[in-house]
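Dear colleague,

I am passing on the structure below, followed by an account of what was found in it. Please read the two side by side.

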Amino acid sequence: MKNKGIKLLSIFVGTTIVAIALSACGLPKELSEKEWPKTKEKAIQVTVEHIKNKNNIDVTIDEVSFSVAAELASYKVYLEGHVVGNENKKISAVVDTSGEEYQVKSVDLNA
């Protein structure tokens with residue numbers, strides 16, 4: 001029972017520290033409520049063009065989300081979608097938005 005309490009306290013303290021750090025630093029501009037629609041659209045565009053140029057496949061993006069690394073040095077946008085004309089052929093991609101140029105970091109055509 002004592003270990004369970006210590007574990008819960010550790011989780012609470014860790015979560016609180018991360019929350020304080022994020023609120024002190026704030027979200028990166030690209031992920032703010034005001035800028036997110038532009039960031040999302042640009043990430044979609046970069047991903048669709050990347051997959052078209054590298055794999056000669058047209059895709060539709062269905063879902064877009066983001067995460068911020070704890071050290072706030074990397075802002076990643078996660079995209080999921082499918083091949084145009086085949087909703088069963090899923091794709092996923094990760095785009096780094098922390099630089100001036102968005103970079104597609106990974107693509108999975110068999111998601």
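Leaving aside its neighbours within four places in sequence, Ala43 is in contact with Val77, Leu79, Val95 and Tyr102, where contact means heavy atoms within 4.5 Å. This is a predicted model, in which local features need pLDDT of at least 70 and side-chain atom pairs count only at pLDDT 80 or more, whereas totals for chains, interfaces and linings use all residues. Residues are numbered from 1 along each chain as its sequence is written, and side-chain values use heavy atoms, with hydrogens and water left out.

A nonpolar core is here a set of buried Ala, Val, Leu, Ile, Met, Phe, Trp, Tyr and Cys residues joined through side-chain atoms within 4.5 Å; buried means under 20% relative accessible area, exposed over 50%, and partly exposed in between, with a 1.4 Å probe and protein chains only.

**The chain as a whole**

The chain contains 2 helices and 4 strands, and from the N terminus on its elements run α-α-β-β-β-β. Helices (H or I, at least four residues) and strands (E, at least two) are DSSP runs, numbered from the N terminus. Of the 111 residues, 28% count as buried, and the chain exposes about 7,700 Å², of which carbon and sulfur atoms supply 54%; these accessible areas come from the Shrake-Rupley method with a 1.4 Å probe, and for residues only the protein chains shown count as cover. Among contacts between residues at least 6 apart in sequence, 37% join residues at least 24 apart.

The 4 strands form an open sheet in the order 1-2-3-4, with antiparallel pairing, two strands being counted as paired if DSSP finds at least two bridges between them. Strand 1 and strand 4 (103-108) stand at the edges, each with a single partner strand, so one side of each is left without a neighbour in the sheet. Neighbouring strands of this sheet are turned by 25 degrees against each other on average, direction ignored; the axes are lines fitted to C-alpha atoms, for helices over the stretch in contact, and angles run from 0 to 180 degrees between N-to-C directions.

Going through the pairs in turn, strand 1 and strand 2 are joined by 9 bridges and run antiparallel, and Ser65 has Tyr78 in strand 2 as its bridge partner. Strand 2 and strand 3 pair in the antiparallel sense over 8 bridges, with Lys76 partnered by Asp96 in strand 3 and Gly81 standing opposite Ile91. These two strands form a hairpin with 2 residues between them, and Gly85 in the turn has a positive phi of about 90 degrees. Strand 3 (residues 86-96) is joined to strand 4 by 5 bridges, again antiparallel, and this hairpin has 6 residues between its strands. Here Val95 stands opposite Val104, while Asp96 has Gln103 as its bridge partner in strand 4.

Helix 2 lies across strand 1, strand 2 (75-83), strand 3 and strand 4, and runs at about 125 degrees to strand 1. Its buried residues are Trp36, Thr39, Ala43, Ile44, Val46, Thr47 and Ile51, and what covers them includes strand 1, strand 2, strand 3 and strand 4. At 1.5 Å a residue, the 20 residues of helix 2 should span 28 Å, which agrees with the 28 Å between its end C-alpha atoms; the expected span is 1.5 Å times one less than the number of residues.

In the loop between helix 1 (2-25) and helix 2 lies Glu35, which counts as buried at 17% relative accessibility. Leaving aside neighbours within four places in sequence, Glu35 is in contact with Lys29 and Glu30.

Asn56 is found in the loop between helix 2 (36-55) and strand 1 (59-68), and is exposed, with a relative accessible area of 60%. Phi of Asn56 is near 55 degrees, a positive value in a residue other than glycine. Most residues other than glycine have a negative phi.
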